Amino acid sequence: MIRHAQQVALVEHGDPAAAAGAEPASDEHIAPAPRVSMQAFCESVETAAAVQAASEDRRMVKAHVKIQMGGATAAAEAYRNSPTPNVILIESESRADDILMNLDRLAEVCDPGTRVIVIGRINDVGFYRDLTKRGISDYLIAPVQPLDIVRGVCGLFSQPDTKPVGRVIAVVGAKGGVGASTVAHNVGFAIARDLALDSVVTDLDLPFGTAGLDFNQDPPQGIADAVFSPDRVDINFVDRLMSKCTDHLSLLAAPATLDRVYDFGAEAFDGVLDALRANIPCVVLDVPHQWSAWTKRVLVSADEILVVAAPDLANLRNAKNIADMLKASRPNDRRPFYCLNQVGIPKKPEISTADFAKALEDDPVVTIPFEPQLFGTAANNGQMIAEVSASHKTADMFRLLAQVMTGRAEVKRSRGGLLSLGMLGKLMQRKS
Ligand SMILES: Nc1ncnc2c1ncn2[C@@H]1O[C@H](COP(=O)(O)OP(=O)(O)O)[C@@H](O)[C@H]1O
Ligand SMILES: [Mg+2]
């Protein structure tokens, strides 16, 4: 489907923030492309570079992308004697009738299932109409940003006219014991209860995970059954492994047993995460604090990341390393969110929020105080903070995190460097 002229014009002018090198907005949710082959025929080096960058985007890891120069002519030539890939992307700087003529030549050799995306410089409704008539899937106006291409390619494979489901939110600690799991579970709970989004908390800490304890559930099956039988994984199979916590919240629990060891390959969780992502609007991953091929892959491929850090030096260093690594691996995404937790332990010297903000070049979304009574009660009762005390300010923080991580609230810096928290923040300020 061709985009409407208005949308195309938006692509052309681009997001001024993105053009200025600012971080892309996090409220846009692009579902990853499946295992498809794509060949791009570019005319300009700028577009070739954008396609190259797009092919390295986390949402395109499964796509197999080849790039060559030569535009529409080269494309028509290339497929005279060989089958066409799933997607052909063609850049053409020519006049409209030249482009259309080359597309007609290509059509003669194109397999029926192949989708074609065109990148050109012509902004004209009549031309769009001619492209539509030829069954062109999308038209992007040059110059294009990597994310325009990611959006275009991934859009071909998500359901038309439906919002893609399955926003994956990964929560990880900058150190062990900083409360990452507690935050993950409470944020998942708030997403389900306060935003009424169907969600699943997925405990990836197979030997020691606490999600079952925290939600007071002892399911006979869980994530291990999926990870150890990858051939059987589909949503029906995974569905049977989940236990229901609340109206909108399910749990995919860790076995938390030591009768086997858990040495996973990089792609061990791909199958189960794909099944969840394709069927459940919000997937909260409780990622254990470790650094391995699979934890890195899970973090890099998540839609949103929340790093939980306690206010000490080791946490500061690790949080910065995690944020820098993820920023570098995800150039088309916002840098990971982070929050501080267990702040204000009596007599314990701390690194200030300002120092964290400076090192991480970002403010924490929230700063959660150390509240041993409240958190201890919740943990021992198998309850969430909002169940122990719905009106506690910490419960508000989890609600705010839920909004931010699902793209419902934006985190903006005010001029003073403090966060402006939008609606919920104002609500919280009114209360206190
Ligand atoms: N803000 C807090 N105040 C007091 N205790 C907390 C707080 N956050 C977490 N905890 C407690 O810290 C311990 C470790 O939490 P956990 O979520 O298991 O950490 P992680 O997953 O980072 O290893 C738990 O006993 C939990 O109840
Ligand atoms: Mg944990």
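User: Where is the place of P143 in this structure?

Analyst: Good spot to begin! This is a predicted model, and in it P143 sits in the loop between strand 5 (138-141) and helix 7 (146-155).

User: What is the peptide bond from A142 to P143, cis or trans?

Analyst: The general idea first: most peptide bonds are trans, and most residues other than glycine have a negative phi. Here the bond from A142 to P143 is cis, with omega near 0°.

User: Which way does phi go at A196, positive or negative?

Analyst: A196 has a positive phi of about 50°, although A196 is not a glycine. You will find A196 in the loop between helix 8 and strand 7 (199-203). With a relative accessibility of 44%, A196 counts as partly exposed.

User: And N216, is that residue buried or exposed?

Analyst: N216 is exposed, at 59% relative accessible area. Its phi is positive too, about 55°, and N216 is not a glycine either. The loop that holds N216 lies between helix 9 (211-214) and helix 10 (223-227).

User: Let's turn to strands. How many residues of strand 11 are buried?

Analyst: In a regular strand the side chains alternate between the two faces of the sheet. For strand 11 (residues 304-309), six of its six residues are buried. One side carries E304, L306 and V308, the other I305, V307 and A309, and both faces are covered.

User: What runs alongside strand 11?

Analyst: Strand 6 (residues 167-173) runs parallel to strand 11, joined by five bridges; V171 stands opposite L306. Strand 12 also pairs with strand 11 in the parallel sense, over four bridges, and there A309 has L340 as its bridge partner. Follow the chain from strand 11 through helix 14 (residues 313-329) to strand 12, and you trace a right-handed β-α-β unit.

User: Now the ligand. How many residues surround ligand 1?

Analyst: There are 16, and the closest are G177, A180, S181, T182 and N341. By type, the shell has eight nonpolar residues, seven polar and one charged. Helix 8 (180-194), strand 12 (337-343), strand 13 (367-369) and helix 16 (372-381) each provide at least two residues of this shell.

User: Which side chains have polar atoms by ligand 1, and what are the distances?

Analyst: A polar side-chain atom of T182 is 2.5 Å from an oxygen atom of ligand 1. N341 places a polar side-chain atom 2.8 Å from a nitrogen atom of the ligand. For Q342, a side-chain N or O atom is 3.2 Å from a ligand oxygen atom. Taken alone, ligand 1 exposes 570 Å², and the protein buries 75% of that.

Key. Residues are numbered from 1 along each chain as its sequence is written. Chains are lettered from A and ligands numbered from 1 in the order in which they are written. This is a predicted model: local features need pLDDT of at least 70, side-chain atom pairs count only at pLDDT 80 or more; totals for chains, interfaces and linings use all residues. Side-chain values use heavy atoms; hydrogens and water are left out. A residue is near a molecule or strand if one of its heavy atoms lies within 4 Å of it. A polar contact is a pair of N or O atoms within 3.5 Å; within protein, one must be able to donate a hydrogen and the other to accept it, and residues adjacent in sequence count only if both atoms are side-chain atoms. Accessible areas come from the Shrake-Rupley method with a 1.4 Å probe; for residues, only the protein chains shown count as cover. Ala, Val, Leu, Ile, Met, Phe, Trp, Tyr, Cys and Pro count as nonpolar, Asp, Glu, Lys and Arg as charged, and the others, Gly among them, as polar. Buried means under 20% relative accessible area, exposed over 50%, partly exposed in between (1.4 Å probe, protein chains only). Two strands pair if DSSP finds at least two bridges between them. A crossover is right-handed if, with the strands pointing away from the viewer, the path from the first strand over the helix to the second runs clockwise.
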